[in-house]
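Hi everyone, thanks for making time for this. I'd like to walk you through how the chains meet and what surrounds the ligands, so let's bring the structure up.

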Amino acid sequence: MNVIKEAKPLKPANLGKEAKSLAHFNIREYGMYIALIVIMLTFSIMTDGLFMSSRNISNLLDATGYIGVLAVGMTLVIVIRHIDLSVGFAAGFMGAIAALLLTQAGWPVYVIFPVILVLGIVVGMFNGVLVASIGIPSFVASLAGMLIFRGALLQVTEKTGTIRIDNAQFNAIGNGFIPELAEVGGLKLLSLILGLAVILFYLYSEFSKRRNKIKYQFEVLSRPIFLLKLIFVSVVISYLTWILAGYHGFSWTVVIMLLVVVVYHFLTTKTVLGRQVYAVGSNPEAAHLSGINVKKITYIVFGSMGLLSALSGILFTSRLQSATTTAGTLFELDAIAAAYVGGVSSAGGVGKVTGSIIGAIVMASLSNGMNLLGVGISYQYMIRGAILAAAVIFDVMTRRKRG
Amino acid sequence: MNVIKEAKPLKPANLGKEAKSLAHFNIREYGMYIALIVIMLTFSIMTDGLFMSSRNISNLLDATGYIGVLAVGMTLVIVIRHIDLSVGFAAGFMGAIAALLLTQAGWPVYVIFPVILVLGIVVGMFNGVLVASIGIPSFVASLAGMLIFRGALLQVTEKTGTIRIDNAQFNAIGNGFIPELAEVGGLKLLSLILGLAVILFYLYSEFSKRRNKIKYQFEVLSRPIFLLKLIFVSVVISYLTWILAGYHGFSWTVVIMLLVVVVYHFLTTKTVLGRQVYAVGSNPEAAHLSGINVKKITYIVFGSMGLLSALSGILFTSRLQSATTTAGTLFELDAIAAAYVGGVSSAGGVGKVTGSIIGAIVMASLSNGMNLLGVGISYQYMIRGAILAAAVIFDVMTRRKRG
Amino acid sequence: MKDYILEMDRISKEFTGVKALTDVNFKVERGEIHCLIGENGAGKSTLMKVLSGVYPYGSYRGDIVYDGEVQQFHKISDSVKAGIAIIYQELALFPDLPVYENIFAGNEVMRGGVIDWNRTIVEATKMLNKVKLNVNPETLISDLGVGKQQLVEIAKALSKNVKLLILDEPTAALNENDSENLLNLLRELKQQGITCIMISHKLKEVIAIADKATVLRDGRTICTLDASKGEVIESVIIKNMVGREIEDIYPKRNNKAPGETVLEVRNWSAYDAQLGRQVVKGVNLHIKKGEIVGIAGLMGSGRTELALSLFGNPRSYKLNGQLELNGQPRSFPHSRDAIRAGIAYVTEDRKGDGLFLIQDIKNNVTAANLKGISSNGILNDNEEIRVAERYKTSLNVKAPSVEQIVGNLSGGNQQKVSLGKWLFVGPKLLILDEPTRGIDVGAKFEIYTIMNELIDQGMCIIMISSELGEVLGMSDRVYVMAEGRIKGELPIEEADQEKIMQLATQ
Amino acid sequence: ACNQNNDKVSVGIVLPTKDEERWLQDEQRFKDALKDTKYTTEILFSQGSSAKEKENVETLINKGIKVLIICPPDGDAAAAAVEAAKKEGIKVISYDRLITKTDAVDYYVTFDSIEVGKAQAQYLVDHAKGNGQPLYLYAGAATDNNAFLFFEGAWSVLQPKIKDGTFKIANSAEAVALQDKETLSRDEMSKIVGQVTTSWDPNEAKNKAQTHLTAAGADMKGDVAILGPNDGTARAIADVFATDKAVTSYVISGQDADKASIQYIIEGKQSMTVFKDVRTLVKDAIGMAVDLLDGKTPSTTGEYDNKKIKVKAKQTKVIVVDKDNVKKELIDSGYYKADDFTGL
Ligand SMILES: Nc1ncnc2c1ncn2[C@@H]1O[C@H](COP(=O)(O)OP(=O)(O)OP(=O)(O)O)[C@@H](O)[C@H]1O
Ligand SMILES: Nc1ncnc2c1ncn2[C@@H]1O[C@H](COP(=O)(O)OP(=O)(O)OP(=O)(O)O)[C@@H](O)[C@H]1O
Ligand SMILES: [Mg+2]
Ligand SMILES: [Mg+2]
């Protein structure tokens, strides 16, 4: 929408039209958000508001965490036209290693984290080498990886079975909340402050973006629409903050997930590295000829996937306060489904990390809502399958329309 | 190698060279067979010949059956650049339906078979429509299908739990052997006759192929090499027949699997339809412009996948003499692994059904051999993963070498 | 002493089994436009890829001296840093990304370690203006036609502070008008001191623009011609390229009176729902037995779309109008129906949608007429080989056997295989879309000869071409298209370049 | 789904998976048992995943339950889930499988998995024919903690009999190596289980049984005893042993009293199953829950050490069912209907 043009003067008659064309143009991008809102509203109504209760939303987001971070990494993997089936058991395996280091070797948490994350990167890079340097299709390479990690997980937990963790620090990551400073009318203060900070940051960045665009004489949204957008987003963030602050505030899981999303969003939209990832996904040969090191990008993307698998493993292990022998089973499919619901395209080059996280929340909301409603497990599988199909059909349809 | 030339006169000096160039040219094609032989020999030595005993080979082939037929169908799906993750639970679901029709509705076996196979085709076609007409990536479409079938399987078995089948006819498919006419020196006669028939058919077809080529004045293998090849293959078939005849003879599962392979091998190599499948796989646009109905081919390939899923479901259900709630779990990954070990390429257009069945036997041999040796489950996973990776690396390497 | 910006000395490069370059010497003076010419497979692209680091230092033998220094480019970005920009034969753009991002891919506009998108757009707009491309910089590349994409490529090259610009067949996909614009652009760049190496098969362009021209043949340097000495003329170039003299590029045909009308369309329109606009508008056209009808026009004039809409409509346009074949009203819901009715269409993009590159020659030749080698759906392998051998011989395909993988053939031979595939369906009407794009003179001549033979056998041909010389040299009648409409029909006697261009730009 | 959507739910029930028949029985019995109480319940399944289990518990907490009856897929990994419940003041009843290493468990109703393993083994011992009888060991999934409990119980009974020569182990080199050890560490058990695991999968059980019989020499056949871990796998194993002519007779254990296995027992294809009368357990669990809701202290019969605290427990006896008492225990007691079976 950035056409070099004078910023249009405010003409009320145009507003409706502008909003409409905006909605039309961005239907695909906003589709997911709309879907999320529809799903949330539906469940709220069906559960008499239970679904939107502070506690349920807090639980829901915490339950999304370990899949959410995987979905972020998977987005980039799919963007560069690959797939990684090994992430589930890789996460399980690395969670178990963390648990072993903690309980058997007695390492402190602040040492274990970086070690496990680095281990994740190494493991991911290894996949990257198989795929980029040897040229095995990622599907098979990671299928082999899946088997290997599954065996390795069994192997390391063989002596102990499920490894219980009773380190409070470690367990806080998956179960704890950011410290409360004080309580204001039943709401957690620090969380409120955090929410406020997010809103202020958002407002600041939108305003400066707008100012910048006007400086370059690009077309911008007309002022009322712009303000409407700001208000809408601020209200949504406030509402979420308010909801979370009403329970225990922001959990560490949510904070970590937000951090991952923000970092990856920044990386993919604002940095050379991120754009190179999309270039490689869009046309690998062209990327190579443009001087982009396709292999390097592949290593990095798989390395980042490994890193996030490790993080996911830590989140999951901490959430259960134990490393189980089956940890990680089918995580990869959940992450892939989340990414597709979030609008990533297997043809490569298309997909946003913010979309994928929303996709993960959509899928988690479905499970959570259906649980609240007491829907039988067999229907739950079918409904989740149907929603996945519907999301992708919607995506394909709207994309086709725009051409 | 078919250049129009006089059939070379027999010159002994040339033989070595011819054999060598032949081996070089076909290393990729024969690689899998070599791998299989190496694996079999290794296990035979490690188990003091137990691995190659009549009984074990018979068990091994029976255990391969339900994955083998899936691998055959999956080969074509991958050849046309798609994937089908739903086949596992689809097989489980259709096996359960068969069991229900048998035990609850009391239908006779000869009615149930065609009905279930047709149901399979319908279900497969539905996937085909999602992929070809709506344009959803097959990975997601079939992931959704997987969830849906899983739910459906749970749903139909909800009332009963595991459905036990005590219909002797039905159970024979997965456990029975072709009738024995008589026993000759401890060997089953009908199986011997069958083996002999296969050899005769093979010899006949090779000779007529050769005669035909000579008629067209194409180059053919020199006579000694040709005879060597005939003798080698005949010996292998005889050996297998002899092995199987030494236990209970050919099982129905093996007969069905052979039949599927023969039919699909014929379809893919000798018919217009098969040629069209590979054309679509190697360049869909060009195929369309060459007058090939790409959508139709996609429907057919997915339909055939559905058919074979149904067959796989019947084989599996019959093998266990019961339909379980988890039947089909991870079959799809086994089938995909078999196809890749068998040399199919995800870039489309490359892959043989005979290769995939060998791939399935390789994977089954690994499990079987390791079970015989009493290898722990965690190592089994890791070794299978490593072999899968190794197979594909080998494939990629040799392909690269041949350019 | 001459000021050479580039000296390539005894360059040799081998692919597994193929010697692509043997001791090639190539010198370019600062500030000149130097054309590199030669038959298909002569090694032109390979030489340039050696220069740009696509084939890194160590994978070839010989020295590259650039800007007075011996260079060792280990990767592409090394050559970019040195000021060498190259536009490859196969376009290197990102279809899912907008124009502005494409232009600065690998060369991002940064501020404080972060990409400054606003400035990127502004800079991109400047570059677009430079190459006279008037599109919104936020358009996705996939929404642009090939010609415009080519201009984006040039804009991309210019954005890199380029000293030496290399263009590998930049005009292959362009029509006369755009080609002319491009050549003018190159002249302007020359004024600005940018040295230029251009690879082209279009001799006319070479003659028009080259200060020097180096001819390669079979991976060896044959000679370097100097325009200032009057050496860059057609006869000299051709003689050096093919190693023999060719008197007439367009072979003569026994003229016969055309027969009855084979195909006639009236008021023919096609609407592309994906693009949301009409691509063919109210076309009336006919072709008679024994005729070659040329369709000329500018890029994006809708010629390919017209052909596709007649040939079973593979892109699912909404069609309108009447189509008559041999006097019978017909419609073809699928390409197969058109093929059955005796129409064949040789696509303009032989690699993309013409051939099965991973399959061998025989499978390609028979792909469109599997019925011809089968009975009851069962294939006859031997018959297939015989058919393929027949076309390999008659079309003079240079390959060791019919089991050669098509992807390994040179462009001209691929085109012949593509032609063979369509001849095997036994068509009455053959539609050729850019039949000689990217093909060397020798192969061109062979293809023209084949066309004439086919006409003698009673076929008729619609030839879509952006090379006016070819249209004028081969056709009996010329239609000119612009913006999806037929703007005029000219008998060959009345047609000349000016008239066609006038109609095409109306 | 066994209640209206919007009622406040007072008792939450979380069962391990719907993929195994055993838990379908429990679900049914819970539904039946609660028909005539004034309290409402909701049953959720964890599908073998401790993570899903935690989500289920959170959902139930949100729905305002007062008592949680929970049977974890993995007793070690359920602590996080029940601790969340405990924080809300919810009483936690560990159902059949003990949740370990946490103080967030209030009560335990159980058949005692170790007892189940002992009962299986005891049956094999009781039906041993003479000396030196071949013994085939099978276990559940190597990933499943419960499989280890069953195996532990079985080993404690079998090991002395192996030592005294009643049995000789036929299919596990690891077990042979450890046959002189009375109690096995987890690690040692892992080695054996890894070798003879069925992954609770009948197909895997069948494959293993086939290879074991292929590998076994004539001295390892004849009259054999088989430790079948549960009914589904026991049937698959029994099918294989039944087709081997060199096996003259076999005794095979099972557990869960699947309908299919009851038919097998009637037909003599499976020797026994450990019948856990789910009705009793359900009655106990619900009784405890109702007591807790009514503010009474439930009665218990003993204590179990969950490696952190001693949990008050009520234990129900498992019933060994074989051909002789199948009618009495399962049909006459009204657990199954007679017309579900043939040949009674
Ligand atoms: N990657 C490759 N692998 C193997 N052979 C190659 C490769 N690239 C080029 N060749 C071969 O090297 C020779 C020179 O090819 P090149 O592309 O340089 O020719 P060209 O002069 O650019 O031809 P054209 O005019 O058709 O573009 C040809 O024989 C070609 O088949
Ligand atoms: N894949 C595509 N996506 C978007 N637009 C397209 C596509 N293909 C063609 N067009 C547009 O359709 C119009 C006509 O197409 P095209 O350029 O193929 O016509 P043509 O007359 O055959 O030209 P050419 O000489 O390049 O073959 C052009 O405006 C072009 O930009
Ligand atoms: Mg070239
Ligand atoms: Mg065109």
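Between chain A and chain B there are six residue pairs in polar contact, counting pairs with both residues at pLDDT 80 or more. That cut-off is there because this is a predicted model. And how many salt bridges cross the interface of chain A and chain B? The count there is zero.

Now, who builds the chain A side? The most comes from α16(A), with 15 residues. If you sort that side of chain A by class, you get 31 nonpolar, seven polar and four charged residues.

Let me put some area on that. A general point for anyone new to this: interface size is often quoted as the accessible area lost when the parts come together. For chain A and chain B the buried area is about 3,500 Å², and carbon and sulfur atoms give 79% of it. Three residues, Phe139(A), Leu147(A) and Tyr381(A), supply 17% of the area that chain A buries against chain B, more than any other three residues. The contact takes 42 residues from chain A and 42 residues from chain B. Five pairs of chains touch, and the pair with the most contacts is A and B.

Let's move to chain C, starting with who its partners are. Chain C and chain D do not touch, and their nearest C-alpha atoms are 38 Å apart. Chain C does meet chain B: 38 residues of chain C are in contact with 32 residues of chain B. Together chain C and chain B bury about 2,800 Å², with 56% of that on carbon and sulfur atoms. Within chain C's share, Phe356(C), Leu379(C) and Asn382(C) supply 20% of the area buried against chain B, more than any other three residues.

What about charges here? Two salt bridges are counted between chain C and chain B. One of them pairs Lys270(B) with Asp381(C), and their closest N and O atoms are 3.0 Å apart. There are also eleven residue pairs in polar contact across the interface of chain C and chain B, again with both residues at pLDDT 80 or more.

As for the elements on the chain C side, those giving two or more residues are α10 (335-340), α11 (350-354), α12 (361-366), β20 (378-379), α13 (381-394) and α14 (411-423) of chain C. The largest share, seven residues, comes from α13(C). By class, this side of chain C divides into 14 nonpolar, 14 polar and ten charged residues.

Which residues sit closest to ligand 1? Of the 14 residues that surround it, the closest are Asn40(C), Lys44(C), Ser45(C), Thr46(C) and His201(C). The side chain of Ser45(C) has an N or O atom 2.6 Å from an oxygen atom of ligand 1. For His201(C), a polar side-chain atom lies 2.7 Å from an oxygen atom of ligand 1. Ala42(C) uses its backbone instead, with an N or O atom 3.2 Å from an oxygen atom of ligand 1. Taken alone, ligand 1 exposes 640 Å², and the protein buries 69% of that. Two elements of chain C give two or more residues to the shell around ligand 1, β2 (18-29) and α1 (44-52). The most comes from α1(C), with three residues. Sorted by class, this shell has four nonpolar, seven polar and three charged residues.

Last stop, ligand 2. Here 15 residues are around the ligand, and Gly302(C), Arg303(C), Thr304(C), Glu305(C) and Glu348(C) come nearest. Glu305(C) has a side-chain N or O atom 2.6 Å from an oxygen atom of ligand 2. Ser301(C) places a polar side-chain atom 3.1 Å from an oxygen atom of ligand 2. With Ser142(C), a backbone N or O atom lies 3.4 Å from a nitrogen atom of ligand 2. Ligand 2 taken alone exposes 600 Å², and 78% of that is buried by the protein. Helix α9 (residues 303-310) of chain C gives the most to this shell, with three residues. The shell around ligand 2 divides into three nonpolar, seven polar and five charged residues.

That's my tour, so over to you for questions.

Notes:
Residues are numbered from 1 along each chain as its sequence is written. Chains are lettered from A and ligands numbered from 1 in the order in which they are written. This is a predicted model: local features need pLDDT of at least 70, side-chain atom pairs count only at pLDDT 80 or more; totals for chains, interfaces and linings use all residues. Side-chain values use heavy atoms; hydrogens and water are left out. Contact means heavy atoms within 4.5 Å. Buried area is the accessible area (1.4 Å probe) that two parts lose on being put together, summed over both. A salt bridge is a side-chain nitrogen of Lys or Arg within 4 Å of a carboxyl oxygen of Asp or Glu. A polar contact is a pair of N or O atoms within 3.5 Å; within protein, one must be able to donate a hydrogen and the other to accept it, and residues adjacent in sequence count only if both atoms are side-chain atoms. Helices (H or I, at least four residues) and strands (E, at least two) are DSSP runs, numbered from the N terminus. Ala, Val, Leu, Ile, Met, Phe, Trp, Tyr, Cys and Pro count as nonpolar, Asp, Glu, Lys and Arg as charged, and the others, Gly among them, as polar. A residue is near a molecule or strand if one of its heavy atoms lies within 4 Å of it. Accessible areas come from the Shrake-Rupley method with a 1.4 Å probe; for residues, only the protein chains shown count as cover.
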